[in-house]
Amino acid sequence: MELAELVARRPFPAAGLLLGLTRRCPLSCAHCSTGSDLFTREEPDAGHLERFVGSFTTENRPDVVMLTGGEPLLRPALAERLSTLAQGAGSRTALLSGMFFARSGGGRGGGVRGGRSGGVRGGRSGRRGALPPAVLRAIRSVDHFSASLDVHHEREVSRADVFRALHLVREEGVAVSLHLTGTGGSDPYLADLTRAVEKEFGGRVPCLVNEVRPFGRAASWARAARTGPDPEAASPCSMAAWPVVAFDGRVLACCNQDAVDRRPAPAHLDLGHIAEDDWATVRRRALESPVLRMLRTVGPAHLAARFGSGPRPGSYCDGCRALGGDAAVAAGAQAVAGGAAGELLDLTAAMRGSREGAQGVVRRHGCAAYAPLVVAGGPALPEAGERDIR
Ligand code: SF4
Ligand code: SF4
């Protein structure tokens with residue numbers, strides 16, 4: 001499965017599922033919004049995760065399951081089992097890694113290197129070494145493998161090490177991509193990094209390029225559309241489409257890091273718990289909730305302006321989370337989006353969001369200037385001066 005196929009499914013409610021396997025991570029990226037480190041023990045129970053993924057059926061399962069963290073490859077055997085289970089029901093799987101296992105030396109924080117565990121060694125012209133066996137088995141089990149790379153990651157794992165490891169993954173026949181983050185279309189770091197990727201892989205490794213934002217890695221798949229001059233105008237939230245399994249096993253309707261982390265979860269974003277609920281139940285809640293339908297079609301600010309009875313806190317997502325206990329919002333959403341009309345609105349919004357495929361999704365929710373890179377071998381980028389500067 002190529003990156004563009006995966007990203008193109010992002011606007012469709014419950015077409016994907018994000019599974020946080022652990023909050024632990026051996027790296028210490030300065031911008032880590034999941035607060036991950038090697039000592040954090042928060043992670044969902046493996047049995048609960050397997051039971052939940054085991055509840056997929058060929059008729060009712062997500063199209064895409066994204067294994068993420070923290071660092072999902074700290075639980076490689078579990079990642080492999082979950083991937084195999086999901087694929088058994090017809091889902092396709094992807095894994096997003098910070099690449100701790102690729103470090104060839106000099107980095108901080110306990111990556112797997114050399115010796116019996118087989119660290120990644122050598123330069124482009126000499127791609128010696130091997131991936132750690134358990135990591136390799138997990139990577140072989142997925143349909144797509146993505147590596148994170150940005151200025152903070154590069155302080156933990158060098159660009160050269162990440163590239164070497166990606167060559168090895170490609171040689172296993174697994175489709176790969178890079179998730180790159182910078183400050184926008186005019187960021188010289190992004191220009192340099194994307195040039196380096198092109199030079200290293202000759203356009204065969206697609207990139208999902210995002211702009212710095214206060215969300216975690218899982219959230220890099222999408223974000224709320226930019227609001228225009230009227231903050232109460234319809235501004236749909238595309239993050240409310242794919243359910244997210246958080247580190248305590250609770251299932252949230254979106255990947256906003258505060259929503260994922262804080263408890264109790266706002267009622268309208270709480271889809272259940274993997275210890276008690278199966279996929280069919282979570283999916284039904286995600287698809288049929290009138291409030292979620294309205295978040296996906298008009299967004300939280302519009303919903304609050306139209307029906308809200310309480311104060312409207314500052315940010316887009318703060319405002320959304322505050323809607324949780326507002327009975328007037330629930331009643332208003334029920335009246336507008338509770339029935340078949342709401343279902344149709346929701347589908348129409350998803351179709352609109354997917355109209356221009358993966359590139360359109362990135363143009364709206366990622367770094368527009370680099371949208372063509374989401375497609376492997378896609379069209380050449382315009383010269384730097386011609387790019388959309390945000
Ligand atoms: S690799 Fe990701 S999860 Fe790990 S510290 Fe860096 S940003 Fe956090
Ligand atoms: S908190 Fe609300 S507005 Fe923010 S990403 Fe989640 S669903 Fe969207």
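Two strands count as paired if DSSP finds at least two bridges between them. Helices (H or I, at least four residues) and strands (E, at least two) are DSSP runs, numbered from the N terminus. The structure is a predicted model, in which local features need pLDDT of at least 70 and side-chain atom pairs count only at pLDDT 80 or more, while totals for chains, interfaces and linings use all residues. Residues are numbered from 1 along each chain as its sequence is written, ligands are numbered from 1 in the order in which they are written, and side-chain values use heavy atoms, with hydrogens and water left out.

The description begins with the sheet. Nine strands form an open sheet of mixed pairing, in the order E6-E5-E4-E3-E2-E1-E7-E8-E9. Its edge strands are E6 (207-211) and E9 (270-273), each of which pairs on one side only. Helix H6 (residues 159-171) packs on this sheet and touches strand E4 (144-150) and strand E5 (175-182), where contact means heavy atoms within 4.5 Å. The direction of H6 makes about 170° with that of E4; axes are lines fitted to C-alpha atoms, for helices over the stretch in contact, and angles run from 0 to 180 degrees between N-to-C directions.

Strands E4 and E5 pair in the parallel sense over seven bridges, and His144 has Ala175 in E5 as its bridge partner. E5 and E6 also run parallel, joined by five bridges; here Gly182 is partnered by Glu211 in E6.

The interior comes next. A nonpolar core is a set of buried Ala, Val, Leu, Ile, Met, Phe, Trp, Tyr and Cys residues joined through side-chain atoms within 4.5 Å. The largest such core has 103 residues, and Leu73 and Phe101 are among those that touch the most other members. Not counting residues up to four places away in sequence, the residues touched by Leu73 include Leu95, Phe101, Ile139 and Phe145. A second, separate core of nine residues includes Val361, Val362, Ala371 and Val374.

Pro372 lies in the segment after helix H15 (357-365). Pro372 is buried, because its relative accessible area is 14%. Pro372 and Ala358 are 14 residues apart in sequence and 8.9 Å apart in space, C-alpha to C-alpha.

Definitions and conventions:
Buried < 20%, exposed > 50% of the residue type's maximum accessible area, 1.4 Å probe, protein only.
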